[in-house]
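Visitor: Hi! I'm new to this one, could you walk me through it?

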Amino acid sequence: PLNDLILCKKHLFFFPDNYKVGFSGVPVSDLVMRIGYKDKSYEKYFSAPYHIGKNLEEAPEEYIRRSPVSYAHKLTKPVLINTNTNDDDVYAIEVKQLVAALKNAGKDFQFDLYENLPGGHGFDRIDTKLARQIRFKMYSFLAKYLHPSFEFSSSDELSRAAYPGMK
């Protein structure tokens with residue numbers, strides 16, 4: 001989850017010349033906040049030797065360093081961020097922290113906060129008409145900057161291409 005597509009701090013924030021645009025769906029954004037709302041097993045996972053190796057109390061600077069919210073000021077490319085209020089993995093309040101940091105830094109981004117959509121964390125990946133419309137909105141945002149040789153004109157057209165045989 002920390003390498004959420006191309007919003008990961010090691011990618012879009014640190015290597016912006018490699019990208020034209022970014023998308024991040026329900027991004028893990030702030031490990032310090034996240035440790036606060038997750039159960040102890042989550043912090044135990046990060047404090048394991050193969051991760052950070054220390055808990056938040058022992059190494060707060062490392063948790064901050066690994067949090068994309070700490071690098072909002074480095075964003076130079078447009079980005080679309082989505083989240084859902086009933087996500088029980090990445091809470092909307094965590095994503096809103098990233099959005100606030102981007103706003104404070106005057107960055108170019110679009111934020112879509114969805115209210116209690118079915119699927120929670122995977123709201124845009126379940127097979128509903130609304131999820132397909134959300135995926136088309138993501139596609140349209142990315143296409144605006146990536147200029148694909150063929151552009152889909154509707155969510156139905158995009159869905160038929162992704163799922164041949166779908167009516």
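Visitor: Which side chain does Lys 38 meet in a salt bridge?
Guide: That would be Asp 89, at 3.3 Å from N to O. Keep in mind that this is a predicted model. Lys 38 lies in the loop between helix 2 and helix 3, while Asp 89 lies in the loop between strand 2 and helix 5, so the pair ties together parts that are 51 residues apart in sequence.

Visitor: And what about Arg 34 and Asp 89, how do their side chains meet?
Guide: In a salt bridge as well, with N to O at 2.7 Å. Arg 34 belongs to helix 2 and Asp 89 to the loop between strand 2 and helix 5, so this pair ties together parts 55 residues apart in sequence.

Visitor: Which residues are linked in that network of salt bridges?
Guide: Arg 34, Lys 38, Asp 89 and Glu 94.

Visitor: Is Arg 34 buried or exposed?
Guide: Arg 34 counts as buried, because its relative accessibility is 1% and the cut-off for buried is under 20%. Asp 89, at 21%, counts as partly exposed.

Visitor: How many salt bridges are there in the whole structure?
Guide: A search finds nine. One of them joins the side chains of Lys 137 and Asp 112, at 3.2 Å from N to O. That pair links distant parts of the chain, with Lys 137 in helix 6 and Asp 112 in strand 3, 25 residues apart. Lys 137 is partly exposed, with a relative accessible area of 35%, whereas Asp 112 counts as buried at 11% relative accessibility.

Visitor: Nice. How many aromatic pairs does the structure hold?
Guide: It holds 10. Take Tyr 139 and Phe 152: their ring centres are 5.4 Å apart and their planes are at 65°, so the pair is edge-to-face. Tyr 139 is in helix 6 and Phe 152 is in the loop between helix 6 and helix 7, 13 residues apart.

Visitor: Tell me about helix 6, then. How many residues does it have?
Guide: Helix 6 has 18 residues and reaches 25 Å from its first C-alpha to its last, close to the 26 Å expected. Its buried residues include Arg 132, Phe 136 and Tyr 139, with Tyr 139 at a relative accessible area of 17%.

Visitor: What covers those buried residues of helix 6?
Guide: The cover includes strand 1, strand 2, strand 3 and helix 7.

Visitor: Last topic: which residues touch the most other members of the largest nonpolar core?
Guide: Tyr 63, Ile 81 and Leu 102, out of 34 residues in that core. Among the elements that each supply at least two core residues are helix 1, strand 2, helix 5 and helix 6. The largest share, five residues, comes from helix 5.

Visitor: What does Leu 102 touch, leaving out residues up to four places away in sequence?
Guide: Leu 102 touches Ala 72, Leu 75, Ile 81, Lys 107 and Phe 109.

Conventions: Residues numbered from 1 in each chain as written. Predicted model: local features only at pLDDT ≥ 70, side-chain atom pairs only at ≥ 80, totals over all residues. Heavy atoms only, no water. Phe/Tyr/Trp six-rings, centres within 6.5 Å; stacked < 30°, edge-to-face > 60°. Helix = DSSP H or I, 4+ residues; strand = E, 2+ residues; numbered from the N terminus. Buried < 20%, exposed > 50% of the residue type's maximum accessible area, 1.4 Å probe, protein only. Core = buried A, V, L, I, M, F, W, Y, C linked by side-chain atoms within 4.5 Å. Contact = heavy atoms within 4.5 Å. Expected span 1.5 Å × (residues − 1). Salt bridge = Lys/Arg side-chain N within 4 Å of Asp/Glu carboxyl O.
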